[in-house]
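Good morning, colleagues. Please take a moment with the sequence and the structure that are now being shown, and then I shall walk you through a few parts of the fold.

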Amino acid sequence: MVIGQFGGVGTEAGAAVELAVERHNAAGPRVRVELRSYATTSAAGLRALAERAVADGVYGIVGPAGVLDVAPVVQVFEDAGVPMVAYDTTDAKLRDRGWRYWHRIVADDELTWTEAARHVTGELRARKVAVLHDQSPVPLRRAEWARRGLARAGAADVRTWSYPRGFTTEFSAIAEDVKGFKADAVVVAGRAEDAGPLVRALRAAGVKAPVVGDDGLLWPGFTGDARVWAVCACLVDPEGATSPATQRFVESFRATYREAPRQPYAVEAYDAVTLFLEATAEDRTTPGVINDWIGAARTSGLTGTFRFDGEGERLGPGVHLYQVGEAGFRHVARLTEALP
């Protein structure tokens, strides 16, 4: 049986998918799985890549991955009757499309940024909050959900600053404005590559307020401080401290790749392909039957229990809190309740 991985190839998420398939096949199952990877750096080529996967006869897709406009890609697999389990596609616009073959195991951006707002006003007790984002559609929506969440959670004064989309490295003017505003907290809703320069500019301007962002603060290369927090839909646990299951995963990953998984969504990718692997039991080996099994699944993975609603959205998805320091990041808590 052929499973396709769409996006995430060459990342730790891709490595986690390969690890799960290798362990499955090594156990001598009745149904062996062949993994084929599909990746492109061009958004324009996504649909053609999806059509190629369908032509290759895949029985399921782990993905699509990323925050590009994946709706046309999903529609290709939907029309072909190929089940999908997305593990890091968090765009809330993908909800309620009526897709039968779509499943997503992570929280969408609306829930994530609502939880981020609750952390800002609750644990951090901020009342004056600065929200920073670039002017592209996805960060703009994230900033709006953060603003709404902050207002509902009791923030007294929320002000927004935006900057042009692009590889901006000069944030001194915004930092000075935030300093003058005397913000109790700063919400960074822009792209991952902006997080580091933004935080450095804020600290250089003398802004000591805590900074709250999303998974962009967890990617290797970002240097934080004790006042930086990440709220995101991914469980990153390089020490395997959150559960015995994640500890076993980390040990297997380290044994295979010589280092622990530290990138966001590696755990979710492992869970996504594991759903397909479990679906192959008892001769469930056609796309339609696999899709029905996943939709009705009541099983557990590294990130908790899997149950899906009628739209393919996971019930009780995790939203996690991290403290991001100079030496790395530390998982602090799961902010949402997992369903039994």
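This is a predicted model: local features need pLDDT of at least 70, side-chain atom pairs count only at pLDDT 80 or more; totals for chains, interfaces and linings use all residues.

I now turn to strand 7, which covers residues 185–188. On one side, strand 7 pairs with strand 5 (residues 128–134) in the parallel sense, over 4 bridges. Within that pairing, Val-188 of strand 7 stands opposite Leu-132. Strand 7 also pairs with strand 8 (residues 211–213), again in the parallel sense, over 2 bridges. There, Val-186 has Val-211 as its bridge partner.

How do the side chains of strand 7 point, and are they buried or exposed? Ala-185 and Val-187 point one way, Val-186 and Val-188 point the other way, and all are buried.

Strand 8 in turn pairs with strand 9 (residues 228–232) in the parallel sense, over 3 bridges. In that pairing, the bridge partner of Val-212 is Trp-229 in strand 9.

Finally, I come to the cavities. How many cavities of 30 Å³ or more does a search of the whole structure find? The search finds 2.

The largest cavity holds about 50 Å³ of space. Its lining includes Ile-105, Val-106, Glu-268, His-320 and Arg-334. By class, the lining residues of the largest cavity divide into 3 nonpolar, 3 polar and 3 charged.

The second largest cavity, with a volume of about 40 Å³, brings us back to the elements already described. Val-188, whose side chain is buried in strand 7, is one of its lining residues. Also among them are Ala-192 and Ala-195, together with Gly-213 and Asp-214. Here the lining divides into 4 nonpolar, 3 polar and 2 charged residues.

Thank you for your attention.

Definitions and conventions. Residues are numbered from 1 along each chain as its sequence is written. Side-chain values use heavy atoms; hydrogens and water are left out. Buried means under 20% relative accessible area, exposed over 50%, partly exposed in between (1.4 Å probe, protein chains only). Two strands pair if DSSP finds at least two bridges between them. On a 1 Å grid over the protein atoms alone, a cavity is a set of points where a 1.4 Å probe fits but cannot get out, and a pocket is an open set with protein on both sides within 12 Å along at least five of seven lines; lining residues have an atom within 4 Å of a point. Grid points are joined across faces, edges and corners, and a volume is the space filled by probe spheres set on the points. Ala, Val, Leu, Ile, Met, Phe, Trp, Tyr, Cys and Pro count as nonpolar, Asp, Glu, Lys and Arg as charged, and the others, Gly among them, as polar.
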